[in-house]
Amino acid sequence: MNIFIGFLPKYWRPELKEHEKYLQYCNICKGFKAPRAHHCKTCQRCILKFDHHCPWINTCLGYKNHANFCWFLFSSILGCIHALSMICPCIYRVLFIPYIPWKNEPRIDFSTNTLLSSILSIGFSIGVIIALGFLLIIQLKNIIYNRTTIENWIVQKAYHRNQQRLEPFVYPYDLGLKENIRQVFNWKDSFQLVGDGITWSVRSNCDQYTLTREQLEQKIDKQQRSVRYKVIKSYNGAFFPINYDLWTCICIPYLMESRLRISKGDYLLVTRWKEYWLYGKFIKSDTIIEQFRGWFPRCCVRESMDMNNLWWDTSSIEFSSNLYERNDMNMKKLS
């Protein structure tokens, strides 16, 4: 599988130990996450240039198969268009053009089952064209800006945080339209992969850890904004909890994201909020359990207002306040 996706080797560490402080650590793979790498909960591995886990191909979209995935979407759309161009004229001829023997035209006979299956095939083909066309547009947009789906979220939050700092965030992998496209479709070298998936070409005013430092800062901000909740009603982790109110069942989060099974009396640290659902992770003995996190109904918890629950230490807050100053120094050292 690594041949087609691009797994980050387990226990991976940067060559220089002083660069470890710019990277996030993966407790499952027991190593640091390389720039642009993220952990996939389904594959249980860190993936190079991770975009998302696709259930239709039953694997991740990453560094090694990004171009192939786009070709797959494009060829699937072309195949459906070709099928429509063959089926539609046949159905039209059967239904609306009478057969005339002396014109020496081919006879087309459709049984009822054949006609129904052909009409059904037209509906499926149109549905595939619309769905895959929408997904292909998203991927092409990501390629144009040299981003992944996850990096889009990071960049959006980074631009929102620009008002809190002196120097604005600059996305390091935007190399211009032509070079961005070549990073995926490398026509100059017979469509071979560009680089090794760990070290990337960056803009002149950036370095290899510009984005990873931004991720660490955002993680600290999220930690400081997080709220502790106590479970007042158990939830079994069902995707459609029909035993709760109607709107909780209708307004469910994105289906690919995990659900968190909770029991009455548990404590959770919530980092994302929706109207009827919350996203968080377990807290046990004032320790965050990173391996278990996901969505759960808002009606199952209540905010814990006990002053004893304000457990996070001030070292992380002090670290956050000094992080912006250290980034300028780190940029000078790396350059």
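How many salt bridges does the count come to by the rule used here? The count comes to ten salt bridges, a salt bridge being a side-chain nitrogen of Lys or Arg within 4 Å of a carboxyl oxygen of Asp or Glu. The structure is a predicted model, in which local features need pLDDT of at least 70 and side-chain atom pairs count only at pLDDT 80 or more, while totals for chains, interfaces and linings use all residues. Residues are numbered from 1 along each chain as its sequence is written, and side-chain values use heavy atoms, with hydrogens and water left out.

**Figure 1. Salt bridges of Arg161.** Arg161 forms a salt bridge with Glu217, and their closest N and O atoms are 3.2 Å apart. Arg161 lies in the loop between H3 and H4 and Glu217 in helix H5, so the pair ties together parts that are 56 residues apart in sequence. Helices (H or I, at least four residues) and strands (E, at least two) are DSSP runs, numbered from the N terminus. Asp221 also forms a salt bridge with Arg161, with 2.8 Å between the closest N and O atoms. This pair links distant parts of the chain, 60 residues apart, since Asp221 is in helix H5 and Arg161 in the loop between H3 and H4. Arg161 counts as buried because its relative accessibility is 6%; buried means under 20% relative accessible area, exposed over 50%, and partly exposed in between (1.4 Å probe, protein chains only). Salt bridges that share partners join Arg161, Arg165, Glu214, Glu217 and Asp221 into one network. Asp221 is buried too, at 12% relative accessibility.

**Figure 2. The salt bridge of Arg213 and Asp207.** The side chains of Arg213 and Asp207 meet in a salt bridge, at 2.9 Å from N to O. Both residues are buried.

**Figure 3. The largest cavity.** Three cavities of 30 Å³ or more are counted. On a 1 Å grid over the protein atoms alone, a cavity is a set of points where a 1.4 Å probe fits but cannot get out, and lining residues have an atom within 4 Å of a point. The largest cavity has a volume of about 60 Å³, a volume being the space filled by probe spheres set on the points, which are joined across faces, edges and corners. Its lining residues include Leu23, Lys33, Pro35, His38 and Gln215. The lining divides into four nonpolar, four polar and two charged residues. Ala, Val, Leu, Ile, Met, Phe, Trp, Tyr, Cys and Pro count as nonpolar, Asp, Glu, Lys and Arg as charged, and the others, Gly among them, as polar.

**Figure 4. Two residues with positive phi.** Most residues other than glycine have a negative phi. Asn146, which is not a glycine, has a positive phi of about 55°. Asn146 is placed in the loop between helix H2 (112-144) and helix H3 (149-160), and it is buried, at 2% relative accessibility. Ser190, also not a glycine, has a positive phi of about 60°. Ser190 lies in the loop between helix H4 (177-182) and helix H5 (210-225), and it is exposed, with a relative accessible area of 58%.

**Figure 5. Arg13 and Phe32.** The C-alpha atoms of Arg13 and Phe32 are separated by 5.6 Å, with the two residues 19 residues apart along the chain. Arg13 is in the segment before strand E1 (25-26) and counts as partly exposed, at 43% relative accessibility.

How values were computed:
1 Å grid on protein atoms, 1.4 Å probe; cavity = no way out; pocket = protein on both sides within 12 Å on 5 of 7 lines; lining within 4 Å.
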